[in-house]
Amino acid sequence: MILPKADKFTDEQYNEVLAILTEFGCSLTPIPGTTRTIYAIRGDERHELMINRLEGLPYVWKVDTIQSQYKLMDIKSELGKRPISIAGKILGNDLFVIAGQCTIDPKNPEYFMETAHAVKEAGADAIRGGVWKPRTSPHSYQGDSKAVEFLARAAKETGIPVCTEVMDESQLRIAIDAGSDLIQVGARNALNYALLKKIGELTAGKNILILLKRSMHMGPIDEFICAAEYIVAGGNPNVLLCPRGTVPTIDGYRNQPDESITPLLKQKTWAPVVVDPSHSVGKSIYVPHAALAAIAYGADGLCIETHVSPKNGIGDDPKQSITPDVLSEVIKDAKAIYDMKTKYQGYLPKFSTAAT
Ligand code: PEP
Ligand code: MN
């Protein structure tokens, strides 16, 4: 839809707009209103260059596109018909919980091994453990490839899947070789399109799930879905969307909790939503509330930082990890809320932008 700055285009302006549209195989239909005429674009309006050229015209106020730039992630895509499963669980049918340390401390790996067993005992479906860490300061602990050995050991000893974050291709290759069942793209790399593409390519056909965090700097919902589209277009359609809080607008929480976008995501895309309440609120005392709120908003799962002894942890663990006994309570209560979700299924109309 093209909105002119004036009440309507002059003939000359109309012809210039039409000439651009024609180049991209589209046409134009005027829709006259009482005071103003707007112009509908007919055809595939997803050409970025076409939109940019229209928006560059001095007499065009705004171009609103109905079609989005994601075809594969769209709720109507054929990909939505296939179940995403891990360790015998189908995402969307059963609550899925990833829990474990923010960071594996290679100097004290016994904590991580203990945490791995404890989160399984508490009811988690997968274990998280940071091998490489994206730290604000280059002087903070950056991670250590040696810690991958403990991740692999945790998978072997517990028999449940493991998840770790990668920030570049070499880490990705190491994580894949170590048998990571889930690979996390962290908030800082959610806009690193080259990495997203590479992850899609190198995990294609490997039955590895990608946990894509929402960048703290992302705005529109479509920006998040488009980031996931890169991974799917790269070759791996097993993407889980993970809201984890955006830049804070209030004092108190580490980030601005964004679990409330879950119903909006679910109207637009088939991807399961796994919320991270830990980075969202950033303090262990708030995590249970945020976790249960996420499930109430319709999330399919949770990713919660948990440590057997938070005060002895490194990275985020001392401030935001809950303990396995609290995790166990949260999982029980989350399941109770989760079981109510069928009541509201079908309540929301789906938004589809895919060509039918
Ligand atoms: C993490 O999971 O420890 C982490 C660094 O997450 P985020 O990318 O959401 O900050
Ligand atoms: Mn963390």
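This is a predicted model: local features need pLDDT of at least 70, side-chain atom pairs count only at pLDDT 80 or more; totals for chains, interfaces and linings use all residues.
Biologist: Okay, what is the chain built from? How many helices and strands are there?
Modeller: The protein chain has 12 helices and 14 strands. Its radius of gyration is 23 Å, close to the 21 Å that the globule rule gives for 356 residues, so the chain is as compact as a globular protein of that length.

Biologist: And what box do the C-alpha atoms fill?
Modeller: Roughly 75 × 45 × 40 Å, taken along the principal axes.

Biologist: What share of the residues counts as buried?
Modeller: Of the 356 residues, 51% count as buried.

Biologist: What about contacts along the chain, how many join residues at least 24 apart?
Modeller: That's 71%, counting contacts between residues at least 6 apart in sequence.

Biologist: Let's switch to the metal. Which residues are the protein donors of the manganese ion (ligand 2)?
Modeller: Cys 102 through SG, His 279 through NE2, Glu 305 through OE and Asp 316 through OD. These donors lie 2.2 to 2.5 Å from the manganese ion.

Biologist: What spacing do the donors follow along the chain?
Modeller: The pattern for the manganese ion (ligand 2) is C-x176-H-x25-E-x10-D.

Biologist: Glu 305 and Asp 316, buried or exposed?
Modeller: Glu 305 is buried, and Asp 316 is buried as well.

Biologist: Why does Ala 87 count as exposed?
Modeller: Because its relative accessible area is 59%, and exposed means over 50%.

Biologist: What about Asn 207, what is its phi?
Modeller: Asn 207 has a positive phi too, about 60 degrees, although it is not a glycine. You'll find Asn 207 in the loop between α6 (193–202) and β11 (209–213). At 60% relative accessibility, Asn 207 counts as exposed.

Biologist: Now a helix residue. Where is Ala 175?
Modeller: Ala 175 is in helix α5 (residues 169–177). It has 0% relative accessibility, so Ala 175 counts as buried.

Biologist: What does Ala 175 touch?
Modeller: Not counting residues up to four places away in sequence, Ala 175 touches Trp 132, Thr 164, Val 166, Ser 180 and Ile 183. As for Ala 190, it is 15 residues from Ala 175 in sequence and 18 Å away in space, C-alpha to C-alpha.

Biologist: And Lys 268, how many residues apart in sequence are Lys 268 and Ser 352?
Modeller: They are 84 residues apart in sequence, but 5.9 Å apart in space, C-alpha to C-alpha. Lys 268 is found in helix α8 (residues 262–268).

Biologist: Which residues is Lys 268 in contact with?
Modeller: Leaving aside its neighbours within four places in sequence, Lys 268 is in contact with Tyr 70, Met 73, Asp 74, Ile 75, Ile 221, Asp 222, Ile 225 and Phe 351.

Biologist: What about Glu 157, where is that found?
Modeller: Glu 157 is in helix α4 (residues 148–158). With 43% relative accessibility, Glu 157 counts as partly exposed. Beyond its neighbours within four places in sequence, Glu 157 is in contact with Met 113 and His 117. Ala 271 is 114 residues from Glu 157 in sequence and 30 Å from it in space, C-alpha to C-alpha.

Biologist: Last one: where does Tyr 253 lie?
Modeller: In the loop between β12 (239–242) and α8. Tyr 253 counts as partly exposed, at 32% relative accessibility. Leaving aside neighbours within four places in sequence, Tyr 253 is in contact with Pro 248, Ser 280, Val 281 and Tyr 286.

Biologist: And how many residues apart are Tyr 253 and Thr 158?
Modeller: They are 95 residues apart in sequence, and 33 Å apart in space, C-alpha to C-alpha.

Key. Residues are numbered from 1 along each chain as its sequence is written. Chains are lettered from A and ligands numbered from 1 in the order in which they are written. Side-chain values use heavy atoms; hydrogens and water are left out. Helices (H or I, at least four residues) and strands (E, at least two) are DSSP runs, numbered from the N terminus. The radius of gyration is taken over C-alpha atoms; the globule rule is 2.2 Å times the number of residues to the power 0.38. Buried means under 20% relative accessible area, exposed over 50%, partly exposed in between (1.4 Å probe, protein chains only). Contact means heavy atoms within 4.5 Å. Donors are N, O and S atoms within 2.8 Å of the metal (3.2 Å for Na, K and Ca); water is not among the atoms, so sites may look incomplete.
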